Amino acid sequence: MYIPVWPGKPHPLGATWDGKGTNFALYSENATKVELCLFDSYGQETRVALSEVQNYIWHGYVPGIGPGQRYGYRVHGPFAPEQGHRFNPHKLLIDPYAKALDGEIQYGEELFGYPFDAPEQDLARSETDDAHLIPKAIVTDPAFEWGDDQPLRTPEHETVIYEMHVKGFTKLQPDIPEPLRGTYAGLAHPSAISYLQSLGVTAVELMPIHFFHSQPGHLMDKGLRNYWGYDSICFLAPFAGYSATKNPEQQVREFKRLVKALHAGGIEVILDVVYNHTGEGNHLGPTLSLRGIDNATYYRLVDGDARYYMDFTGCGNSLNVSNPQVLKLIMDSLRYWVTEMHVDGFRFDLASALARELYEVNSLAAFFDIIHQDPILSDVKLIAEPWDIADGGYQVGKFPLLWSEWNGRYRDIVRDFWRGIEGSLAEFAYRFTGSSDLYEFNGRRPSASINFVTAHDGFTLNDLVSYNEKHNEANGEGNRDGESHNRSWNCGAEGETEAPDVLRLRNRQRRNFLVTLFLSQGVPMIVSGDELGRTQLGNNNPYCQDNELAWLDWNLQEENANLMDFVRQLIDFRRKHPIFRRRKWFQGRAIYGSEASDIGWFNPDGLQVTAEQWHEGFAKRSPFF
């Protein structure tokens, strides 16, 4: 079938419908040919070459093509892994600028750019076609009736974050209609929003909803799935598996309706975003998108041996953020989610990896410079997970202005303090008052500290006081995965117990952690389900558990009603008393015209803490009282 292709334009990248046809544009520095692959409703493929190239952007305009059209790319070029090139036109590739995709990636040997039976595997090129396994990108119509929806701009010091998983939060919620459970539409349901409002949280932080690889082979062999979603493939498309609609073009509108509904309920939307790596893995991973479009451009390769990938993330690869085009992809994605999807901020997974211009983490990296001067992104909430797994990656307290950070030192010292570890008193005081030692020196305020005791990664609050050791056997890795040093205490019995004394102590410990969290200076973050006493049975890494182990058990509302009410009262108490959510630092000196100080420290005897007592292991009552 003949399909006319006009020259079109190199910008914007991706598929852009103008009402009469669609412009397609794809960046590849090293390609020798790019084919646009159009699919009809029966899956029949028609290939047309994009012959226009400008500044390494291959582009063309196809008249008559509009919303709903399915497409992908086949990119030709050298297959020379030792030189960093892995072009393979037998592999259908996902447009990195796609706004929607029609389903999920299906696993099969055809996904890989090399034959499994080759003697050196990835050095030989596979000639099997994988189009039947790859979801097709969708041309979309961006029109949406936002009405009077506007950014809520909740001040940082008034923010209370609720970290959650779209599917896990809604999958078992009995008040949500069953067809909507586990979806964006389910989270937008009035019962879900009213629950969040009843807690008093001001923002939800959604675990990854960028389109990700959900069925990698190493998990499928064990009957498991990628539940958490930290393996992004497309940074502009919502994950199709969380959509209630069967029409892929409607996925974008469903997510927009979610944001609009949350905003109407007074709740901001923060996305957990993963720009440090992709789900294509290491040199033995599948060819899904960027690897086949231009591997040497998009990924950090080992100097002198470009067959292999630099890996600062533990996931097999690292995006080449020092390349201007890769940086542009990330920035275009961020702006899209703010301007078109109306989200209020981002939490950057393993953010230190984004700051590695060469090897060391650099707080003056181009990534930070561009965000700092960007009129759109500099005005939203920016939260860093301030570490990665490579040398020098732990950067808590070292991110620049505009950034808040997951304060890992807060988590660690609060856990140690309440399990009675010696030497924690002085640092506990720093963390409780906003961590001025970490954030004040470069002009940031207490809200730079995102305080948390638990998060998706690690024990739940219930498990933190119920287990001394991780119990990840269900993950099929011999309990080797997940953090081994959890700073937890089981209060006298490992796991489930009916011992009254142990249960009373665990109940008190949960409340100790919660009171500390919500009365500390900084921004409190609670992980979904902790207010219900949710357990993962000691599994501190349920990234692959798309089942009842990781989903919220809403039956706990009745069983742990007192705990839930306690959390609500704490959040309300914090809201009513500005002293617990100060905008500026305590100074530790007398208030003008008064003998009172802006803060005072007292020991259990009611006396001022002395300099000597700060060096003691923890707060103690004097033996003379």
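This is a predicted model: local features need pLDDT of at least 70, side-chain atom pairs count only at pLDDT 80 or more; totals for chains, interfaces and linings use all residues.
## The barrel

Eight strands form a closed barrel in the order S11-S12-S15-S18-S19-S20-S21-S22, and their pairing is parallel. From one strand to the next, the twist averages 30 degrees.

One of the pairs joins strand S11, residues 161-164, to strand S12, residues 203-206, in the parallel sense over four bridges. In this pair, isoleucine 161 stands opposite alanine 203 of S12.

## Helices on the barrel strands

Strand S3, residues 33-39, and strand S7, residues 70-76, run antiparallel and are joined by seven bridges. Within this pairing, leucine 38 stands opposite tyrosine 71 in S7.

## Salt bridges

Side chains of opposite charge can pair when their charged atoms come close. In this model the count of salt bridges comes to 32.

One of them links the side chains of lysine 328 and aspartate 332, with 3.0 Å from N to O. Both residues belong to helix H7 (residues 324-339), and because they are four residues apart there, about one helical turn separates them.

## The largest pocket

The largest pocket holds about 1500 Å³ of space. Its lining consists of 49 residues, and those nearest the centre are Trp228, Thr313, Gly314, Cys315 and Asn541.

Two helices, H4 (217-220) and H9 (408-418), each supply at least two residues of this lining. By class, the lining of the largest pocket has 20 nonpolar, 18 polar and eleven charged residues.

## The cavities

How many cavities of 30 Å³ or more does the structure hold? There are five. The largest cavity contains about 140 Å³ of space. It is lined by 16 residues, with His165, Met207, Arg534, Gln536 and Ala550 closest to its centre. The barrel strand S11 and helix H1 (166-170) are the elements that give two or more residues to this lining. Nine residues of the lining of the largest cavity are nonpolar, five are polar and two are charged.

The second largest cavity has a volume of about 60 Å³. Its lining is made up of Val453, Thr454, Leu461, Phe513, Leu514, Leu517, Met525, Ile526 and Asp530. Which element provides the largest share of this lining? Helix H13 does, with three residues. Seven residues of the lining of the second largest cavity are nonpolar, one is polar and one is charged.

Note on methods:
Residues are numbered from 1 along each chain as its sequence is written. Side-chain values use heavy atoms; hydrogens and water are left out. On a 1 Å grid over the protein atoms alone, a cavity is a set of points where a 1.4 Å probe fits but cannot get out, and a pocket is an open set with protein on both sides within 12 Å along at least five of seven lines; lining residues have an atom within 4 Å of a point. Grid points are joined across faces, edges and corners, and a volume is the space filled by probe spheres set on the points. Ala, Val, Leu, Ile, Met, Phe, Trp, Tyr, Cys and Pro count as nonpolar, Asp, Glu, Lys and Arg as charged, and the others, Gly among them, as polar. Two strands pair if DSSP finds at least two bridges between them. Axes are lines fitted to C-alpha atoms, for helices over the stretch in contact, and angles run from 0 to 180 degrees between N-to-C directions. A salt bridge is a side-chain nitrogen of Lys or Arg within 4 Å of a carboxyl oxygen of Asp or Glu.
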